[in-house]
Structure formats: C-alpha cells, structure tokens
Amino acid sequence: MGRSATHVVITGLGPVCGLGVGLEPFWQALTAGTSAIRRIDRFETGSFGCPFASLLPEGFDVRTLVPKSFRKGTKVMARDIEIAVGGALLAVTDAGLK
C-alpha cells in the first residue's frame, strides 16, 4: 500500500499565549522580538525546578471573548479550558466563520 498525502489548511489563528491574546498583539510582540518568558510572580515557585514561564498577560478573561449568551458557562470552566475556548473563538473569528 502506498502512503496517502495529508493536506492541512489553516483558515484562522487564535493565539492565547504569553506574547498576547489575539492575532494583532501576538504578531506585534513576535515581530518586535519580545520574549514571553519571565519570572513567575503569581504563586510561590520555591518547590519547582525553574521559576520562569510564559504567562498569559494579566487580565485575560474568557468572558470578554464569548457571546453574552454563553458567559454563564464560563463559571464552571477550568483555566486550561478557558484558554482553549478563547483560542478557538479567536481562530473562528479570524477565519471569518460564524
């Protein structure tokens, strides 16, 4: 059997990371050569091997991204799910999907 080629099409981007939330802040920080790595200051890191990480910008709140009718659902989301939902919503918007 021959191998079949896999094709990927990227239709939208939704970065939610230490460089910024959304394509424009992310791209500006990336092209400026900004590092997202900094000392962790949100909790005590003494028991960890490294006190540095890429942290989301202060004030990230998934409720500012989701439609009003879905905001109640954000109350039960773990932080990793909030970040994933935020990224997915930004990517869908960037792709021009509804």
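Thr-45 counts as buried at 12% relative accessibility, where buried denotes under 20% relative accessible area, exposed over 50%, and partly exposed the range in between (1.4 Å probe, protein chains only). In this predicted model, local features need pLDDT of at least 70 and side-chain atom pairs count only at pLDDT 80 or more, whereas totals for chains, interfaces and linings use all residues. Residues are numbered from 1 along each chain as its sequence is written, and side-chain values use heavy atoms, with hydrogens and water left out. Thr-45 is located in the loop between β3 and β4; helices (H or I, at least four residues) and strands (E, at least two) are DSSP runs numbered from the N terminus. With neighbours within four places in sequence set aside, Thr-45 is in contact with Ile-40 and Pro-51, contact being defined as heavy atoms within 4.5 Å.

The largest nonpolar core comprises 5 residues, namely Val-16, Leu-56, Phe-60, Val-62 and Val-66. Such a core is a set of buried Ala, Val, Leu, Ile, Met, Phe, Trp, Tyr and Cys residues joined through side-chain atoms within 4.5 Å. When residues up to four places away in sequence are not counted, Val-66 touches Arg-71, Thr-74, Val-85 and Leu-89.

A search of the whole structure returned 3 salt bridges, each defined by a side-chain nitrogen of Lys or Arg within 4 Å of a carboxyl oxygen of Asp or Glu. In one of these, the side chains of Arg-42 and Glu-58 meet at an N to O distance of 3.1 Å. Arg-42 belongs to the loop between β3 (37-39) and β4 (52-54) and Glu-58 to the loop between β4 and α2 (79-95), so this pair ties together parts that are 16 residues apart in sequence. Arg-42 is partly exposed at 37% relative accessibility, whereas Glu-58 is exposed, with a relative accessible area of 63%.

A salt bridge also links Asp-61 with Arg-63, whose closest N and O atoms are 3.0 Å apart. Asp-61 is partly exposed at 24% relative accessibility, and Arg-63 is likewise partly exposed, with a relative accessible area of 43%. In the salt bridge between Arg-79 and Glu-82, the closest N and O atoms are 3.1 Å apart. These two residues, Arg-79 and Glu-82, lie 3 residues apart in helix α2 and are therefore separated by about one helical turn. Arg-79 is partly exposed at 40% relative accessibility, while Glu-82 is buried, with a relative accessible area of 13%.

Leu-13 is situated in the segment before β1 (16-17) and is partly exposed at 43% relative accessibility.

The search of the whole structure found 0 disulfides, a disulfide being a pair of cysteine sulfur atoms within 2.5 Å. The sulfur of Cys-17 is 18 Å from the closest cysteine sulfur, that of Cys-50, which is too far for a bond. Cys-17 is partly exposed, with a relative accessible area of 23%, and Cys-50 is partly exposed at 41% relative accessibility.
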